[in-house]
Amino acid sequence: MSPMCMYSAAPDGPDTGVPHDWHYSHLAARAAGGAGLILTEATAVSAEGRITPWDLGLWNDRQERAFAHISHLLTLHGAVPGIQLGHAGRKASTDRPWRGGGPVAPADGGWPVTGPSPLAFDDGYPVPHELTTEEIQRVVADFAAAAGRALRAGFRVAEIHGAHGYLIGEFLSPHSNHRTDAYGGSFANRIRLALQIADAVRAVWPDDLPVLFRVSATDWLTENPGDERDGWTADDTVRLAKELHAHGIDLLDTSSGGNAPRARIVPTPGYQVPFAARVRAETGMPVAAVGKITDPRQAEDILTSGHADAVLLGRELLRDPYWPHRAARELGARPTWPDQYDYAL
């Protein structure tokens, strides 16, 4: 199960960022439905790193205790508990999508946003504060601290959120990163933050447990040879994958888009699978495929054809929590139901 934000935590007070009954029932249902790995929604490593005031976070003890209950529930139902850790960068402090998703001003419960450069995400969005090198190191430390809390809370897989135009992806792409210091300009400089966070998380995460990295394989911007302001490309993703693998990342979760609001994307079934397949073919790094994967045979073909090592489902699991069990039946396998259900089938 791909990470999917529920925007349902308390926006302020002592329960800010704390999972509660909604999150417990939502995630446990997908575990009972047969998902093998469940990645919780994007979980902010700091209060200012939340996408919305209603996001989950993992920067204090109260949050850690609640996440421990989630990992217990998922394990109880036979799923591997995983967590995605992220920082929203210049796309932070926004409203819930069903309320329009626009910026939330500090006077209305939002907060000042940060990014690699003082470039607003879109018209009407605030200009972010450009992070200093000291502040960048604080972000790296926040990722490491959150990973340590996730491990203590019982999670077995950690994923670093470097996709969809949030902070790490903002640093990766020349579309959003116009810095001239050690974190901007050249490819090596723009991937520096991603590699430092990978190292910091890997340093606190056991060697025998996997660390994943979610990337947007392309910004979906028109590419002109030699113009490095165009954005992040599939070629860049292949180069990054090699570096991440060398820094202890075990699998690349390959998505796309999110950094350029006016990029032209036509989301056809499986439209992002070729990005994963290319990384796997050219680097040998394990990859996960995502994006409008809805049919069991479609998912099975992605694996048996060698395009990916794993398939992550998102919205389809919102529509049908028992999709994995249905897929098992359609593909000739016997679903493994909880005993409480299995005897009645």
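In strand β9, A310 is the bridge partner of A288. The model is predicted, so local features need pLDDT of at least 70 and side-chain atom pairs count only at pLDDT 80 or more, while totals for chains, interfaces and linings use all residues. Residues are numbered from 1 along each chain as its sequence is written, and side-chain values use heavy atoms, with hydrogens and water left out.

**Sheet**
- Strand β8 (residues 287-289) and β9 run parallel and are joined by two bridges; two strands pair if DSSP finds at least two bridges between them.
- Helices (H or I, at least four residues) and strands (E, at least two) are DSSP runs, numbered from the N terminus.
- The open sheet has seven strands in the order β1-β2-β5-β6-β7-β8-β9, with parallel pairing.
- β1 (37-44) and β9 (310-311) are at the edges with a single partner strand each, so one side of each has no neighbour in the sheet.
- Helix α3 (residues 133-152) lies across β2 (80-86) and β5 (157-162), and runs at about 165° to β2. Axes are lines fitted to C-alpha atoms, for helices over the stretch in contact, and angles run from 0 to 180 degrees between N-to-C directions.

**T237**
- T237 belongs to helix α7 (residues 234-246).
- The relative accessible area of T237 is 1%, so T237 is buried (under 20%; exposed is over 50%, partly exposed in between, with a 1.4 Å probe and protein chains only).
- Beyond the neighbours within four places in sequence, the contacts of T237 (heavy atoms within 4.5 Å) are V215, S216, A217, W232, L252 and V279.

**Salt bridges**
- The count is 17 salt bridges, each a side-chain nitrogen of Lys or Arg within 4 Å of a carboxyl oxygen of Asp or Glu.
- D122 and R262 form a salt bridge through their side chains, at 2.7 Å from N to O. D122 is in the loop between β3 (114-115) and β4 (129-130) and R262 in the loop between β7 (251-255) and α8 (273-283), so the pair ties together parts 140 residues apart in sequence.
- R214 and D253 form a salt bridge with their closest N and O atoms 2.9 Å apart. R214 lies in strand β6 (residues 211-216) and D253 in strand β7, so this pair ties together parts that are 39 residues apart in sequence. Both R214 and D253 are buried.
- In helix α8, E282 and R278 are four residues apart, about one turn of the helix, and their side chains form a salt bridge (2.8 Å, N to O).
- A network of salt bridges links E316, R319, D320, R326 and E330.
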